[in-house]
Amino acid sequence: MSDSEDSSSVSSSSSQEEITPQPPSKKQRVAKSATSAPLELAPSVQSTDQQRKASIRSKQKIIVLLDQARLETVKNRRGMFELLNCDDHRELCKKKLKRDPKEFRPDIAHQELLALIDSPLNKSGSLQVYIRTNNNVLIEVNPTIRIPRTYKRFSGLIVQLLHKMKIKAGNTSTTLMKVIKNPISQHLPPGTRVYGLSCQGTLYSPNGLATALIPPEPTSDLPPVCFVIGAMAAGHITMEDHPYIEKMISVSEYPLSGAAAISRILGGIENHWGIV
């Protein structure tokens, strides 16, 4: 091979090296990505979330008042406060309080709260629950609360509530339960239609009750509905105790527990509103 051929091959290879583009450095890549336009998906996700929150706020809520709940505290021999109940304080009820131990059934309020808070109606943001004790203490329940599954933990929660007047979530400042001012009527939206639940009331099937008394849609402009349901061991709600009750209703021709009656009412409303 001649010297001319060698020089031409060297020149061609050097020209190829000059023409070959170099990959951008890491700094150049970062700068290029920083100047690129933002993702189009981000604003749409934020907008959807805002629409979801707005729709929940605009929904009409079914209001439930658990009335005459036996939630009272008593100090035990160790100086600790407990929730008064017929199982642990039978002798105290008979001898000191001179009252029938069968009246003290805080477990009824526990069962009814579980039925309400665990319902699809509540999880969809369409339910608001209040409790009024036999001592006329009015309690507001946050729909996002998780009611303790065991009675012992529920008892400790209520004792703390009755002494501190409110209960907050452990990780946030959200108030889960709090004592509010009476009467319940000042916490109801204007025009609320109130119905009392009693075995002596007008009989409805769950679906028939929802069709007759509940607005056709959660976003309807019709007045909201409130149900007053007893949380006591014996007796029933009367219009004399609640003059704002419009009508007494029943959901079965048989005697039912409060939790069973609540399940039938909420099931009819969920079917009526298409909540699955």
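Q: How do the residues lining the largest pocket divide into nonpolar, polar and charged?
A: This is a predicted model, in which local features need pLDDT of at least 70, side-chain atom pairs count only at pLDDT 80 or more, and totals for chains, interfaces and linings use all residues. A pocket is an open set of points on a 1 Å grid over the protein atoms alone, where a 1.4 Å probe fits and protein lies on both sides within 12 Å along at least five of seven lines; lining residues have an atom within 4 Å of a point. With Ala, Val, Leu, Ile, Met, Phe, Trp, Tyr, Cys and Pro taken as nonpolar, Asp, Glu, Lys and Arg as charged, and the others, Gly among them, as polar, the lining divides into 16 nonpolar, 9 polar and 1 charged.

Q: How much space lies in the largest pocket?
A: The volume is the space filled by probe spheres set on grid points, which are joined across faces, edges and corners. For the largest pocket this space is about 460 Å³.

Q: Which residues are closest to the centre of the largest pocket?
A: Strand E9 (225-230) and helix H9 (258-273) are among the elements that give two or more residues to its lining; helices (H or I, at least four residues) and strands (E, at least two) are DSSP runs, numbered from the N terminus. Of the 26 lining residues, the closest to the centre are Gly-230, Gly-235, Leu-256, Ser-257 and Gly-258.

Q: Is Asn-142 buried or exposed?
A: Residues are numbered from 1 along each chain as its sequence is written, and side-chain values use heavy atoms, with hydrogens and water left out. Asn-142 lies in the loop between strand E5 (138-141) and helix H7 (151-164). Its relative accessible area is 18%. Because buried means under 20%, exposed over 50% and partly exposed in between (1.4 Å probe, protein chains only), Asn-142 is buried.

Q: Which residue lies 66 residues along the chain from Gly-125, with 7.7 Å between the C-alpha atoms?
A: Gly-125 is in the loop between helix H6 (120-123) and strand E4 (127-133), and at 16% relative accessibility Gly-125 counts as buried. The residue whose C-alpha atom is separated from that of Gly-125 by 7.7 Å is Lys-59.

Q: What is the omega of the cis peptide bond between Asn-182 and Pro-183?
A: Pro-183 is found in the loop between strand E7 (175-180) and strand E8. The cis bond joins Asn-182 to Pro-183, with omega about -5 degrees.

Q: What is the phi of Met-165?
A: Met-165 lies in the loop between helix H7 and strand E6 (166-168), and at 45% relative accessibility Met-165 is partly exposed. Its phi is positive in a residue other than glycine, near 70 degrees.
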